[in-house]
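Thanks for making time for this, everyone.

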Amino acid sequence: LANGLLVRVNLTDGSLVTGPDWRVAGAEDHAVGHVVLLNATDFVRTDGSLGLARIVATDGKTFDQRSAIKLTHRITAPPVLLPGGDNAKARLCVADASNTLTLVDADGLTIVRRWTMPGKITAGPFVRGGKLGCVVAKNRLIWLDPNQDAIAWDYPFAADIVGEPQVIDGVL
């Protein structure tokens with residue numbers, strides 16, 4: 001909520017359970033918090049500034065913070081989830097005000113790697129086919145393999161990119 005509280009809504013009966021504050025002290029008045037659902041009981045929330053926290057609500061009524069991290073710059077977009085599988089852990093990608101994408105382990109919120117973008121991030125990050133993308137300077141599509149340190153590819157378009165690219169029939 002805009003007042004800084006997380007609220008859980010029971011979809012069966014509409015009852016509300018007030019959770020912890022998401023807004024950190026000192027966050028700007030217009031700061032936005034984001035929630036990323038990891039599974040039925042776990043989620044990650046941003047704090048309107050530099051922080052991420054993993055919260056567990058096993059019974060849906062109590063909220064236990066399991067891990068937290070503060071980035072060096074303000075978070076500027078909703079984090080995106082790269083699901084785990086085939087012995088890989090779930091990871092989150094976070095964009096910040098320094099135009100850097102940071103990949104963190106979703107369990108312990110430890111930094112896996114960072115990519116500095118070659119300009120202002122204007123859309124994303126987003127996940128497509130297990131890879132990460134973002135738009136830089138409105139017309140450059142940047143593609144990242146979450147398992148590689150370098151940018152996979154970068155394609156400048158003649159016009160601005162509207163929205164986020166989609167994968168259709170295996171083609172971006």
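Predicted model: local features only at pLDDT ≥ 70, side-chain atom pairs only at ≥ 80, totals over all residues.

Let me begin with the rings: a search of the whole structure finds 4 aromatic pairs, where rings of Phe, Tyr and Trp (for Trp, its six-membered ring) pair if their centres lie within 6.5 Å, and where planes under 30 degrees apart count as stacked, over 60 as edge-to-face and the rest as tilted. One of these pairs is edge-to-face and is formed by Phe 43 and Phe 63, at 6.4 Å centre to centre and with 70° between the planes. When I say strand, I mean a DSSP run of E of at least two residues, with strands numbered from the N terminus.

Residues are numbered from 1 along each chain as its sequence is written, and side-chain values use heavy atoms, with hydrogens and water left out.

Are the two phenylalanines, Phe 43 and Phe 63, buried or exposed, or in between? Buried means under 20% relative accessible area, exposed means over 50%, and partly exposed is in between, with a 1.4 Å probe and protein chains only. Phe 43 counts as buried because its relative accessibility is 10%, and Phe 63, at 22%, is partly exposed.

A stacked pair is formed by Trp 143 and Trp 153, at 5.5 Å centre to centre with 15° between the planes. Because Trp 143 lies in strand β13 and Trp 153 in strand β14, this pair ties together parts that are 10 residues apart in sequence. Trp 143 is buried, with a relative accessible area of 9%, whereas Trp 153, at 35%, counts as partly exposed. Together with Phe 126, these two tryptophans, Trp 143 and Trp 153, form one aromatic cluster.

Now to the charged side chains. Side chains of opposite charge can pair when their charged atoms come close. A salt bridge here is a side-chain nitrogen of Lys or Arg within 4 Å of a carboxyl oxygen of Asp or Glu, and how many does a search of the whole structure find? The search finds 9 salt bridges.

One of them joins Lys 89 and Asp 105, with the closest N and O atoms 3.6 Å apart. Lys 89 lies in the loop between β7 (80–82) and β8 (91–95) and Asp 105 in strand β9 (residues 100–105), so this bridge ties together parts that are 16 residues apart in sequence. Asp 105 counts as buried, at 11% relative accessibility.

Another salt bridge is formed by Asp 149 and Arg 113, whose closest N and O atoms are 2.8 Å apart. Here Asp 149 lies in the loop between β13 (140–144) and β14 (151–156), and Arg 113 in strand β10 (residues 111–116), so the parts tied together are 36 residues apart in sequence.

Terms used
Helix = DSSP H or I, 4+ residues; strand = E, 2+ residues; numbered from the N terminus.
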